[in-house]
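I opened my notebook today to look up how one protein chain is put together. Come and read along with me.

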Amino acid sequence: AEHLEFVRNIKRITAFKAAFQRSASGKTVLDVGTGSGLLAMLAERAGAKKIIAIEKDERMAKLARANFERNGLGDRIRLITGDALDLVRSDLHSVDILVGELLSTWCVVESQVPVFRYLMNLMDRTPIFMPRKIMNYVEGVHATFGDSEGFVIIPTTYFEFESTRPKAEKLTARV
């Protein structure tokens, strides 16, 4: 369900598409945690010369492969099914752009920040990061899709995507 929210988020897709159009032409792009493969396909459409997509989840990697094939990009995007922490220097020497799904606090709770640090230590030069900045906000909320009291209990921070779910009632100012 989370991946569908990503794919349906037009603001997000438009921002990534514009960023790739500004900077990907003739470049090598590494899409870490490719998921559906959408960002890798946007990079290819923007003229990237080489795209490497890595996905740890075998089911998602299979979906990404199917999406690449369905869009005639199966031979243009190199898909690695595995953990980015298993990549070695020779896999990364020519990476110009490092992109990831850095959305919500999952990038902190999950391993994306440590993975990006690991990859940076392997690279010969500093790539362009997409997105370039991450901002996490916290605010108390009350939501009808929470527990029996209506509270959403998340150990990190509450997040919302553009969605058909009812919006949460804000209880505090965003900090």
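My entries below go from the whole chain to single residues.

**Ground rules**

I am working with a predicted model, where local features need pLDDT of at least 70, side-chain atom pairs count only at pLDDT 80 or more, and totals for chains, interfaces and linings use all residues. Residues are numbered from 1 along each chain as its sequence is written, and side-chain values use heavy atoms, with hydrogens and water left out.

**Entry 1: the whole chain**

I looked up the secondary structure and found 7 helices and 7 strands in the protein chain. Here helices (H or I, at least four residues) and strands (E, at least two) are DSSP runs, numbered from the N terminus. Along the sequence, the pattern reads α-α-β-α-β-α-β-α-β-α-α-β-β-β.

Next I looked up burial: of the 175 residues in the protein chain, 42% are buried. Buried means under 20% relative accessible area, exposed over 50%, and partly exposed in between (1.4 Å probe, protein chains only). The accessible surface of the protein chain is about 10300 Å², and 54% of this belongs to carbon and sulfur atoms. Such areas come from the Shrake-Rupley method with a 1.4 Å probe, and for residues only the protein chains shown count as cover.

I also looked up contacts, meaning heavy atoms within 4.5 Å. Among those between residues at least 6 apart in sequence, 66% join residues at least 24 apart.

**Entry 2: the sheet**

In which order do the 5 strands of the open sheet stand? I read the order 3-2-1-4-5, with parallel pairing. Two strands pair if DSSP finds at least two bridges between them. Strand 3 (77-81) and strand 5 (128-130) are at the edges with a single partner strand each, so one side of each has no neighbour in the sheet. From one strand to the next, the twist averages 20 degrees. For angles, axes are lines fitted to C-alpha atoms, for helices over the stretch in contact, and values run from 0 to 180 degrees between N-to-C directions.

I then followed strand 4 (residues 97-100), which is joined to strand 5 by 3 bridges and runs parallel to it. Leu98 stands opposite Phe129 of strand 5, and Ile97 stands opposite Ile128.

Helix 3 (residues 38-45) touches strand 1 (28-32), strand 2 (50-55), strand 3 and strand 4, and its direction makes about 180 degrees with that of strand 2. Helix 4 (residues 58-70) touches strand 2 and strand 3, and its direction makes about 165 degrees with that of strand 3.

Back at strand 4, I found 4 bridges to strand 1, again parallel. Gly100 in strand 4 is the bridge partner of Val32. Strand 4 is covered on both faces, with Ile97 and Val99 buried on one side and Leu98 and Gly100 buried on the other.

**Entry 3: the cores**

A nonpolar core is a set of buried Ala, Val, Leu, Ile, Met, Phe, Trp, Tyr and Cys residues joined through side-chain atoms within 4.5 Å. Which residues touch the most other members of the largest one? They are Phe20, Phe68 and Ile77, out of 25 residues. Helix 2 (10-23), helix 3, strand 2, helix 4, strand 3 and strand 4 each give two or more residues to this core. Helix 3 gives the most, with 6 residues. Another core, of 15 residues, lies apart from it, with Val32, Val95, Phe116 and Met123 among them.

Ser23 is in helix 2. Is Ser23 buried or exposed? Its relative accessibility is 17%, so Ser23 counts as buried. A polar atom of the Ser23 side chain lies 2.8 Å from the backbone oxygen of Ala19. Leaving aside neighbours within four places in sequence, Ser23 is in contact with Ile97, Ile128 and Met130.

Ile13 is also placed in helix 2, and at 16% relative accessibility Ile13 counts as buried.

Glu44 lies in helix 3 and counts as buried at 13% relative accessibility. Which side chain makes a polar contact with the side chain of Glu44? I found that of Arg76, at 3.0 Å. A polar contact is a pair of N or O atoms within 3.5 Å; within protein, one must be able to donate a hydrogen and the other to accept it, and residues adjacent in sequence count only if both atoms are side-chain atoms. Not counting residues up to four places away in sequence, Glu44 touches Ile51, Leu73, Arg76 and Ile77.
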